[in-house]
Amino acid sequence: MELNGSQVLLRALMNEGVDTIFGYPGGSILDIHDELFKSSFNHILVRHEQGAAHAADGYARSSGKVGVCLVTSGPGATNTVTGIATAYMDSIPMVIVTGQVPTPFIGTDAFQEVDITGITRPCTKHNFLVRHIDELANTVREALYIARSGRPGPVLIDLPKDVMRATTEYREPVSPSQGSSEPVYLPDAGPLTETVDLIKKAKKPVLLIGGGVIHGRATEELIEFARKVNIPVTSTLMGLGGFPGTDPLWLGMLGMHGTYYANMAISDCDLLITVGVRFSDRVTGRLATFASNATIVQIDIDATSINKNVLVHIPIVSDCRSALVQLNALLDRNGLEKIREGRESWITRIGGWRTEGPMSYCQGDTIKPQCVIETLYRMTKGDAIVATEVGQNQMWTAQFFRFDKPNTFLTSGGLGTMGYGFPAAIGAQVAFPDRLVVDIAGDGSIQMNIQELATAVNYKLPVKVVILNNGYLGMVRQWQELFYEKRYANTGIGGQCPDFVKLAESYGAVGLRAVKPEEVEPTIAKGLEAPGPVLMDFVVEAEEGVYPMVNPGASLTDMKLSSGIGM
Amino acid sequence: MDVQEHTISLLVHNKPDVLARIAGTFSGRGYNIENISANVTMNPRITKITIVTVGTQATMVQVENQLRKLVDVIQATHMKSRESVRREMVLASVGGDREKVMKAVEELGCRILKEKPDHFVLEVTGSKEEIDQALTYLETLDMKDMSRSGMVVL
């Protein structure tokens, strides 16, 4: 049948199982919005295109599906760039559809024209400019395929208005071209057998997981592997939830703000098996001393992540699940009691570190942010999808909220985008209308995409926002305290903070405030119970720091365990 | 760590932005492009791009893997100097000393493309070292301008 470009687009998306689009209209996509109006698509209208991008991202991270957003040309497109780069750094499957000026106008500095494919080339897995309507259906199919296959990532499709106006005889798209991107990587048998041999000999093994375990849907196989081998497990920020945070083998997160015992264990281990990890500088600290006593096995789907920062002894380019399935089978054939032998002293040693340096903070007259998070965890029993903003709020969440399941922790790890959490939480709530979704924010971060309160209220998305309000851009202030002799340049924002309760109410949401420690629990209770979106303003200790801390470029064993004041 | 020249031969889809993406991969990750040549292969939908870059062995592995990740890169091969044939070309505009020019023709294999009373346009094809050698000589011929191509390798 004869269809126009907008109809082709929607049909092609529908064929790929997309039923939800986050977006904001504009001149170049008026035709598409007209078709959306007549269609059954769930279009979530945001209040800033950056919100659309982060919402599509949160939708993807929580559901495992490809998030889709639709924005107009020019400023609409450029407003998504931060969201695209956020998704790119964390390998999130997303398709961003941008309107574009008609093809004869491209390159003429037309109204709301921007070379978005040029601008996003370095921060997309791939992008397309559709120059003819007959390419459109195939392009959509290929874009979704690229977004979700191999190491996932954001893909942009730029659609000129005249191409969308054209009509064509609709043809079902053919299978996408494989190109160099990416069939399922299967591991070679040799390195896996070597790995099992190493496991048998190791006295002090550690398993380090990262975001790849969650993208690769390998958590079940991972849990089986860890328990078979009785190997302590630590994780990067992106891997939280990939292994149950309540399991006895769990060491907590490692790295710059990791737990004392995780950092000590990884620095002392003799065998380090990593799964889905790219060795970010936040994780390794000083490379020369990172796991320097260990033989390192790295399993990752992306060959460029292997031997990029850390030289490994056994590189295995493979998707995590296939590798773990095979490892588990090999372990079964090898007799597990022997493999578990000799681990007792290592577990005891780690126990010693747990006692020496537990996660702790002091209680006092003021609300401690860590306490807010611990209370939230306790009251929800950890059964929530938790998004965070960036900085201290993010780190305290990683430290004090235990994640047992994958796809429940939504945080901008690679790019560290303030303003990510709230729209991401909205995206997750759209994906899971009946689950509890929380955004843990700072007073700085929450103001970056506060306009999305309108979106949450409009669609009755009951996202609960926990604001850890210390009147500062907390993490930057902490660095100014540690490295700039407390010269708090441009980090004090408390004086000009909005009244969050009134702000929430002005949008039609519920606003709550707690200023004393005894008010924390009742405020959370009230917030969780209240219908619709809620902003909870917790006025917390102003100069609380995130500890432990490893200074940038320092070894993981050089941890500062507290600020040394007020303990 | 040993820093050396490395030659990479790429087969890519013949699409408008492929070159931009490849160049962006180099610049974005801090690798350099010493010289580059690109043209269609026997299949008009596939382009061959040859890039000479400088770096350590470890960097080269990274560069190749990064390029292979690109959707439009079909193949990326490291061309080892022992196993490949490589050629560059240079066009040079030199002063009108006929005797010296004829010497270049005979000894360096130059071709005369254009002859005028006061200048010649010469063409030299050869290995990188042969081109370097030719240019050194041509500079003594009052060379006014030159245009040097990227490398082609097989």
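User: How many helices and strands does chain B have?
Analyst: Chain B has four helices and nine strands. This is a predicted model.

User: And in what order do the elements of chain B run from the N terminus on?
Analyst: They run β-α-β-β-α-β-β-α-β-β-α-β-β.

User: How confident is the predictor about chain B? What is its mean pLDDT?
Analyst: The mean pLDDT of chain B is 92, and 99% of its residues reach 70 or more.

User: Which elements of chain B have the lowest and the highest mean pLDDT?
Analyst: Helix α3 (residues 98-108) of chain B is the lowest, at 89. Strand β3 (residues 46-55) of chain B is the highest, at 95.

User: What about the complex, which ipTM does it get?
Analyst: The predictor gives an ipTM of 0.90, along with a pTM of 0.95.

User: Into which domains is chain B assigned?
Analyst: The domain assignment gives domain 1 (4-82) and domain 2 (86-153) of chain B. Taken over C-alpha atoms, their centres are separated by 28 Å.

User: How many residues does each domain of chain B give to the contact?
Analyst: Domain 1 of chain B gives eight residues and domain 2 of chain B gives six residues. On the domain 1 side, β1 (4-13), β2 (35-40) and β3 of chain B each supply at least two residues. The most comes from β2(B), with three residues.

User: What classes of residue are on that side of domain 1 of chain B?
Analyst: The side of domain 1 of chain B that touches domain 2 of chain B has three nonpolar, five polar and no charged residues.

User: Switching to where the chains meet. How many residues does the contact take from chain B and from chain A?
Analyst: It takes 16 residues from chain B and twelve residues from chain A.

User: Which elements of chain B supply at least two residues each there?
Analyst: Those are α1 (18-28), α2 (57-69) and β4 (73-79) of chain B. The largest share of that side, six residues, comes from α2(B).

User: And by class, how do the residues on the chain B side divide?
Analyst: The side of chain B that touches chain A has six nonpolar, five polar and five charged residues.

User: OK, chain A now. How many helices and strands?
Analyst: Chain A has 23 helices and 22 strands.

User: What does its radius of gyration agree with?
Analyst: Chain A has a radius of gyration of 24 Å, which agrees with the value near 24 Å for a compact globule of 567 residues. Along its principal axes, the C-alpha trace of chain A spans about 70 × 60 × 40 Å.

User: Where is the largest nonpolar core, which residues have the most contacts inside it?
Analyst: This core has 188 residues, and those with the most contacts inside it are V95(A), V466(A) and F538(A). Helix α7 (residues 133-148) of chain A gives the most to the core, with nine residues.

User: Pick V466(A). What is it in contact with, leaving aside neighbours within four places in sequence?
Analyst: V466(A) is in contact with V372(A), L376(A), V438(A), I440(A), A441(A), M536(A) and F538(A). There is also a second, separate core of 13 residues, which includes A92(B), A104(B), A134(B) and L138(B).

User: How is chain A divided into domains?
Analyst: Chain A is divided into domain 1 (2-169), domain 2 (189-356) and domain 3 (369-543). The C-alpha centres of domain 2 and domain 3 of chain A lie 31 Å apart. Their contact takes twelve residues from domain 2 of chain A and 13 residues from domain 3 of chain A.

User: Now the backbone. Which residues does a cis peptide bond join?
Analyst: A cis peptide bond joins Y547(A) and P548(A), with omega about 0 degrees. P548(A) is in the loop between β20 (534-539) and β21 (549-550) of chain A.

User: What is phi of N307(A)?
Analyst: Phi of N307(A) is near 60 degrees, a positive value in a residue other than glycine. Most residues other than glycine have a negative phi. N307(A) sits in the loop between β13 (295-300) and β14 (314-317) of chain A.

User: Is K486(A) buried or exposed, and why?
Analyst: K486(A) is exposed because it has 10 other C-beta atoms within 10 Å, and 12 or fewer counts as exposed. K486(A) also has a positive phi, about 60 degrees, although it is not a glycine.

Conventions. Residues numbered from 1 in each chain as written. Chains lettered and ligands numbered in written order. Predicted model: local features only at pLDDT ≥ 70, side-chain atom pairs only at ≥ 80, totals over all residues. Contact = placed C-beta atoms within 7 Å. Nonpolar A, V, L, I, M, F, W, Y, C, P; charged D, E, K, R; others polar. Rg over C-alpha atoms; globule rule 2.2 N^0.38 Å. pLDDT = per-residue confidence, 0-100. Core = buried A, V, L, I, M, F, W, Y, C linked by C-beta atoms within 7 Å. Buried ≥ 20, exposed ≤ 12 C-beta atoms within 10 Å, placed from the backbone. Domains from an automatic or database assignment.
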